[in-house]
Amino acid sequence: MNVLGQQLVNGLFIGGMYSLFAVGYTLVFGVLDILNLAHAAVFTMGGLAALWLVQSAGLSIWAAFPLATLLAGVLGLLVNQVAFVPLRRRPDTYFSGLISSIAMAIIFEALAMQIFGAHNVRFPAGTVPVVIWRLGGITITLLQVEILATVVLLMVTLTQLLKRARIGKAIRAVAENQRAARLLGINVDGVIAFTFFLSSALGGAAGILFGLYFDSLSPDMGRPIELKGLAVIVLGGMGSVPGAILGGLAFGLSEVLTVAISGTSNLRDAVAFTMLFAIMLLRPSGILGKGRTREA
Amino acid sequence: MLEVKGLTVAYGLVEAVRDLNFSVARGTVVSLVGPNGAGKTTTLNALSGVVPVAAGGIALEGRDITRVSSHRRVAKGLVQVPEGRLVLAGMSVRENLELGAYRRPSQEVAGDIARMEELFPILADKRETPAGSLSGGEQQMLAMARGLMARPKLLLLDEPSLGLAPLVVKMIFEIVKELKSQGQTILLVEQNVYQSLAVSDYAYVVENGSIVLEGAADKLSADPAVARAYLGQTV
Ligand SMILES: Nc1ncnc2c1ncn2[C@@H]1O[C@H](COP(=O)(O)OP(=O)(O)O)[C@@H](O)[C@H]1O
Ligand SMILES: [Mg+2]
């Protein structure tokens with residue numbers, strides 16, 4: 001029972017990070033109907049940038065986290081400008097953007113390899129103080145609590161921003177109808193750029209939390225989460241922010257429960273992706289499908 | 001208010017409008033009428049900066065805006081209520097109105113929404129309703145109210161009566177008249193020639209991308225050629 005409880009708790013933390021990562025995919029998809037396949041590389045760059053700030057610049061994680069998150073956002077602006085803007089008028093923009101964003105991902109990965117080497121690196125010991133609580137046989141660490149608090153804070157902020165802020169309404173308007181948005185006086189290109197910033201900042205934040213949680217970073221750490229993130233947004237409903245949040249949690253939970261029940265991690269991904277197909281059969285548009293960023 | 005000289009717009013190699021010259025004086029309602037495909041929407045979209053101008057110039061209040069981006073034109077007071085309304089279906093009536101005021105200081109928004117709900121009482125009852133579930137006539141009123149939220153100096157209305165029941169069409173033209181009496185400058189595009197001339201000061205007839213006839217609205221409605229070509233067709 002405690003094993004199960006422990007796995008549920010772990011699934012919540014991992015799922016929360018999946019959600020954070022996947023929300024970035026879904027934001028851009030909701031606004032532009034395109035997939036930004038450089039998202040996982042930005043996730044990696046966010047984690048590595050935070051590591052560099054802590055290790056080489058001597059900052060505390062509290063200073064490094066927001067700085068690296070901002071940097072990831074700036075990388076998102078770069079991805080938009082280099083990989084997407086030049087293709088926007090092409091009739092094949094969906095496909096060509098997919099390819100050029102993969103190219104950006106390869107460049108980011110190569111740069112990370114050059115700077116950090118191909119091996120795994122980790123945050124210095126004591127970056128986050130090790131504090132452990134035991135509640136009825138379930139172990140929870142300070143790091144886990146901080147990760148969950150960060151994820152929840154970012155999600156609530158994002159949701160409120162989309163719902164209430166002027167820029168949030170502009171994002172939803174652009175997501176719904178670009179021509180209408182232009183006629184309302186919205187700077188559509190600016191809103192798209194901001195969406196990339198926001199999406200990539202969240203992806204970078206997820207990378208930092210991931211690196212802290214698994215105590216390991218590497219230039220290719222984005223690979224396994226890339227496909228999971230895509231599965232999460234398909235699961236939740238393409239373009240839906242609440243869907244990506246729920247989808248991430250569902251995915252994280254299914255992974256750890258599989259390990260708990262089968263006793264091995266061999267089946268973990270197989271079961272998670274099988275669940276994807278099962279939900280697709282029951283609800284082809286995803287858990288909260290049809291909903292888009294506009295209905296955040 | 002608006003001065004257009006030699007306006008030419010092309011889609012690829014095909015010129016949709018060619019060498020248009022027209023103007024709208026402050027405080028007047030001017031109509032652009034003509035059959036389907038004449039180039040009326042293209043003209044308004046060129047004025048709003050959402051289709052590129054191939055040749056010619058557009059001046060608003062004496063300043064050239066031909067190369068100004070679409071969102072800056074809205075900030076300068078050139079506001080279009082598009083054909084087909086383009087309300088943001090997933091967003092509430094209130095959110096649509098708020099977005100109409102996107103370029104306005106936020107402290108004026110609440111007061112302006114109240115003014116719009118007075119002018120279009122139906123919108124007050126449906127404040128939190130998603131715009132997509134309004135009827136066609138209600139959506140048209142929302143689109144007009146949303147345009148007015150920008151406090152336009154020049155309001156471009158593209159076929160506001162299109163596809164609406166006769167009673168609703170009448171309401172729409174009543175609102176145009178009301179706006180005119182408040183001093184709103186309007187460029188009105190319509191296929192509903194008879195009613196649109198009735199609310200206009202001046203009118204241009206467009207056919208095949210060119211202006212073929214222009215004059216004071218009352219003169220045009222009395223013109224037998226116009227009557228034969230247009231007035232018999234509609235209403
Ligand atoms: N986006 C477009 N691409 C190509 N041709 C277009 C486009 N929009 C309109 N046209 C063409 O331009 C001409 C004028 O269309 P439009 O301005 O919509 O006329 P109106 O509003 O007077 O009915 C038509 O022949 C139409 O087929
Ligand atoms: Mg038209």
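Colleague: How many residue pairs are in polar contact across the interface of chain A and chain B?

Modeller: In this predicted model, 6 residue pairs are in polar contact across that interface, both residues being at pLDDT 80 or more. On the side of chain A that touches chain B, helix H6 (166-176) and helix H7 (178-183) of chain A are the elements that give two or more residues. Helix H6 of chain A gives the largest share, 6 residues. By class, that side of chain A divides into 6 nonpolar, 3 polar and 8 charged residues.

Colleague: What makes A:Arg172 and B:Glu95 a salt bridge?

Modeller: The closest N and O atoms of A:Arg172 and B:Glu95 are 2.8 Å apart. The cut-off is 4 Å between a side-chain nitrogen of Lys or Arg and a carboxyl oxygen of Asp or Glu, so the pair qualifies. The rule finds 2 salt bridges across the interface of chain A and chain B.

Colleague: What is the area buried between chain A and chain B?

Modeller: The buried area is about 1900 Å², and carbon and sulfur atoms give 58% of it. The size of an interface is often expressed as the accessible area lost when the parts come together. The contact takes 17 residues from chain A and 21 residues from chain B.

Colleague: Why is the pair A:Arg223 and A:Glu109 called a salt bridge?

Modeller: Their side chains meet at 2.6 Å, N to O. That value lies within the cut-off of 4 Å, and therefore the pair is called a salt bridge. The pair links distant parts of the chain, 114 residues apart: A:Arg223 lies in helix H9 (residues 222-236) and A:Glu109 in helix H4 (residues 93-116) of chain A. Over all chains, the count by this rule comes to 22 salt bridges.

Colleague: Which residues surround ligand 1?

Modeller: Among them are B:Tyr11, B:Pro35, B:Asn36, B:Lys40 and B:Thr41. The shell divides into 4 nonpolar, 5 polar and 1 charged. Helix H1 (residues 40-48) of chain B contributes its largest share, 3 residues.

Colleague: How do you know that B:Thr41 makes a polar contact with ligand 1?

Modeller: A polar side-chain atom of B:Thr41 is 2.7 Å from an oxygen atom of ligand 1. The cut-off is 3.5 Å between N or O atoms, so this pair is a polar contact. For B:Asn36, a polar side-chain atom lies 3.2 Å from an oxygen atom of the ligand. In B:Tyr11, an N or O atom of the side chain is 3.5 Å from a nitrogen atom of ligand 1.

Colleague: What share of the accessible area of ligand 1 does the protein cover?

Modeller: The protein covers 55% of the 560 Å² that ligand 1 has on its own.

Technical notes:
Residues are numbered from 1 along each chain as its sequence is written. Chains are lettered from A and ligands numbered from 1 in the order in which they are written. This is a predicted model: local features need pLDDT of at least 70, side-chain atom pairs count only at pLDDT 80 or more; totals for chains, interfaces and linings use all residues. Side-chain values use heavy atoms; hydrogens and water are left out. A residue is near a molecule or strand if one of its heavy atoms lies within 4 Å of it. A polar contact is a pair of N or O atoms within 3.5 Å; within protein, one must be able to donate a hydrogen and the other to accept it, and residues adjacent in sequence count only if both atoms are side-chain atoms. Accessible areas come from the Shrake-Rupley method with a 1.4 Å probe; for residues, only the protein chains shown count as cover. Helices (H or I, at least four residues) and strands (E, at least two) are DSSP runs, numbered from the N terminus. Ala, Val, Leu, Ile, Met, Phe, Trp, Tyr, Cys and Pro count as nonpolar, Asp, Glu, Lys and Arg as charged, and the others, Gly among them, as polar. Contact means heavy atoms within 4.5 Å. Buried area is the accessible area (1.4 Å probe) that two parts lose on being put together, summed over both.
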